[in-house]
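Dear colleague,

Please find below the structure that I am handing over to you.

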Amino acid sequence: MPQEQVTVVIPAYRAAESIERAVLSAFAQPGVSCRVIVVVDDEEGTTEAALAALAALADERLTVLTNPGNMGAQKSRNRGLAAVESDWVMFLDSDDFIMGDLLPSLVQALEQGTDVAFGPWLLLDESRGRAERHQERYADAADLLDRWLVRRQWTPPCAVLWRTAFLRRIGGWKESVRRNQDGEVVCRALLAGARPGHSARGCGVYVQHDSPHRISQARSTFGDLIAVADSLLEQPTEAVEEARRRKILGDYFYWLADSAFRRGDREQGRRARQRAVELGGSLPMGSRLPRLGAAVLGLETYRRAVSWATKP
């Protein structure tokens, strides 16, 4: 078998129904030799369904690793990364898939000397039958921080290809991160000097659905998001002017505070608001009425008033 150009790592948790689609979408990519590493991350004694689905594929390009119990997506991604032998690597969630000539086009972008390449992606809401196409372009580290964190113009892992050596150099995926895992590693990479590349061809498909197994469904996670933002603020960097970084993260802390207050997490909302004030951030609200209400009443009081007024 020839040396693969690209490896796709897929952490698989309770993925028996979707894993075949994800794997086959990688193997169907034209003009690129591809290996797939699936890391089965189910609880001990519950791996049979996923392993049976993978065994049915019977493809020599497929490697299956099984964790000794549920270790989480971050550890699974790093376990897959450790087994990668190719120059380029993508991390694909088990319910997502890729279409068109996404991988070869991203390889071409990385061959221009970049370290991480971003392609088009489709937000697919299968339960509602809706799809939205997106493509983001990031000029540099400051632009990516602003677009990703403040403007919410992010790119999911199914449309991101990495230079394997660079990702390993920055330590791979940070295993302590519980929320915004893909945002943390991308922002950390750009702060560490990663050169971004882009392609307009193909498409990663990010499948949106509600699941009781998602961390964000189980509890308030704003404390985790605050910790990620603090780590990005503390990371040594020459890629962004310090004043610019502080302003971007200050704006992001205000967004976190507003989101926490809207969802009733007053403790974390106050933490995020205090960090925003310290950094000189401003409230990124889209219309005049929320900005005026927050200015007059204070952000927390305004959100509590809105919540009371809109109760049935």
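Lys247 is partly exposed, with 31% relative accessible area; buried means under 20% relative accessible area, exposed over 50%, and partly exposed in between (1.4 Å probe, protein chains only). The side chain of Lys247 meets that of Asp251 in a salt bridge, at 2.9 Å from N to O, where a salt bridge is a side-chain nitrogen of Lys or Arg within 4 Å of a carboxyl oxygen of Asp or Glu. Asp251 counts as buried, at 11% relative accessibility. Both residues belong to helix α10 (residues 242–262) and lie 4 residues apart, about one turn of the helix. Helices (H or I, at least four residues) and strands (E, at least two) are DSSP runs, numbered from the N terminus.

Please note that this is a predicted model, in which local features need pLDDT of at least 70 and side-chain atom pairs count only at pLDDT 80 or more, while totals for chains, interfaces and linings use all residues. Residues are numbered from 1 along each chain as its sequence is written, and side-chain values use heavy atoms, with hydrogens and water left out.

The search of the whole structure finds 19 salt bridges. One of them joins Arg14 to Glu43, with the closest N and O atoms 3.4 Å apart. Arg14 lies in the loop between β1 and α1, and Glu43 in the loop between β2 and α2 (48–55), so the pair ties together parts that are 29 residues apart in sequence. Arg14 counts as partly exposed at 46% relative accessibility, and Glu43 counts as partly exposed at 28%.

Strand β1 (residues 6–12) is mostly covered, 7 of its 7 residues being buried. Val6, Val8, Ile10 and Ala12 point one way from β1, and Thr7, Val9 and Pro11 point the other way. Two strands pair if DSSP finds at least two bridges between them. β1 runs parallel to strand β2 (residues 34–40), to which 7 bridges join it, and Pro11 has Val39 as its bridge partner in β2. A further 4 bridges join β1 to strand β4 (residues 88–91), also in parallel, with Val6 opposite Trp88.

Finally, strands β7 (residues 121–125) and β11 (residues 203–208) pair in the parallel sense over 5 bridges. Asp125 stands opposite Gln208 in β11. Asp125 also forms a salt bridge with Arg128, the closest N and O atoms being 2.9 Å apart. Asp125 counts as buried at 4% relative accessibility, whereas Arg128 is exposed at 54%.

Yours sincerely
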